[in-house]
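Please look through the sequence and the model below before reading on.

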Amino acid sequence: MRSGWGITYQVRAWIGYDIASSTYFGVFPAVLFPVYFLSFLDSGPAADLHWGLTTATAFVVAAIAAPVLGAAADRHASRWQLLVAMTLLCCAATASVELAPGGAMLAGALLFIAAHVGYTLAMSLYDSYLPLVAPAGMAGRVSGLGWGLGFIGGIAAISAVMPLASGGLEPKHLADFRWSFPVIAALFLLFALPALGGLRKVRSPLAPAAPSNPFQAAWRTLRGWRDQRELFRFLLAYYLINDGVVTIIFFAAIYLHDSFGVTVEDLLWLTLLYHVLALPATLAFGWLADHWSHRKAIFFSLVIWAGTILLMAFGTEPWVPVTVIALLAMVLGSTQALLRSAFARLVPAGRSAEFFGFNALAGRLSAALGPILFGVVASATGSQRIALLSVLLFLLAGGVVLARVRIGD
């Protein structure tokens, strides 16, 4: 049985993993670790650039591995086993960040890279379940529901680490702050276990006849891109849009901290506000995609993105941080959920893990470029506000390319 939102036991398990993974993504890479990295592990004049290079490295490694891992999952029906392995990698590396001593930029960077590669590859495999679990015509609602309810995991993580991290990185509070990392890892694993148990029951059909070697399979798909012209055109649009989205994700907390003097405690409260507002906003955009169209819903979100970035770049009033967080809550999760469900409409049957691997490839390569560009511009000009404006170019170019893609709605 299912409701009007397509809720089956398979969908419930799929949503459960989104909630679990959000305990990591909602707090660790975008809020706590950037501040920790730039204040404790590397506080030198090139810290912004080093952080950009660290995130870029994580994205490039994940980008190269994702299509191959996806092809292996499709051809050997190992999607679930690989999802478990990547989840454990992310949790182990996240918990180990607590062990990195002050000034150990390289050790901290390597642990972050391991954690985020594990998370990214896990999410690529998780996303590939969407065509398998979503009822016909409900991909937008199911994707939005997963992303929206996923914010519950972020709310749980923020609530758990608030007593530990709210004191900031002053010496007397440092030990408590660092314990936030093992707590986040434990929450991810705890929430993921029942979800993984449910996803194990989802049938994962073998791909059509293809090379058994996943490297050969991925390479064959790349060489035959003309056979999936619309899909790869969509990936180019996703590449460009994601450039802007991920740059804001990884630099918003740092920007608000540096430009507006927002404390770590206030960042956590703003992050909590973001999660509370983003939950209904993401559900609404998922409903809008199925009842209006994916294309129009994505374009609407891009307009809001442009306004948000302009406000961040030129706003100086004390109310700007709260307004920026409220606007980001409307579109940050919504845009990514819309792009995920739109891509699911284009994926060939039986090859979802492989093509969502290419989706991860496009997303992570773009995510590598955006933070590097931001870090270079910020370091060269001494102004994060100027660096922010470069993000608008990616969103505009992505919208132009997306306008030419036939999504099927």
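In this predicted model, leucine 32 touches Val27, Val161, Ala165, Phe177, Ser180, Phe181, Ile184 and Leu268, leaving out residues up to four places away in sequence, where contact means heavy atoms within 4.5 Å. Residues are numbered from 1 along each chain as its sequence is written, and side-chain values use heavy atoms, without hydrogens and water. Because the model is predicted, local features need pLDDT of at least 70 and side-chain atom pairs count only at pLDDT 80 or more, while totals for chains, interfaces and linings use all residues.

**The chain as a whole**
- The protein chain holds 15 helices and zero strands; helices (H or I, at least four residues) and strands (E, at least two) are DSSP runs, numbered from the N terminus.
- Of the 409 residues in the protein chain, 61% are buried, a term for under 20% relative accessible area, with exposed meaning over 50% and partly exposed in between (1.4 Å probe, protein chains only).

**Core**
- The largest nonpolar core has 138 residues, and those with the most contacts inside it are Tyr17, Leu32, Phe33 and Trp305; such a core is a set of buried Ala, Val, Leu, Ile, Met, Phe, Trp, Tyr and Cys residues joined through side-chain atoms within 4.5 Å.
- Helix 10 (residues 229–260) supplies the largest share of this core, 17 residues.

**Helix 2 against helix 8**
- Helix 2 (residues 28–41) and helix 8 (residues 171–199) pack at an angle of about 145 degrees, with their axes 12 Å apart; axes are lines fitted to C-alpha atoms, for helices over the stretch in contact, and angles run from 0 to 180 degrees between N-to-C directions.
- The contact is made by Phe28, Leu32, Phe33, Tyr36 and Phe40 of helix 2, together with Leu174, Phe177, Arg178, Ser180, Phe181 and Ile184 of helix 8.

**Helix 12**
- Helix 12 (residues 294–314) has 21 residues, which at 1.5 Å a residue should span 30 Å, and its end C-alpha atoms are 31 Å apart, in agreement with this; the expected span is 1.5 Å times one less than the number of residues.
- Among the buried residues of helix 12 are His294, Ser301, Trp305 and Thr308.

**Two single residues**
- Threonine 247 lies in helix 10 and is buried, with a relative accessible area of 1%.
- Alanine 46 lies in the loop between helix 2 and helix 3 (47–76), and it counts as partly exposed because its relative accessibility is 27%.
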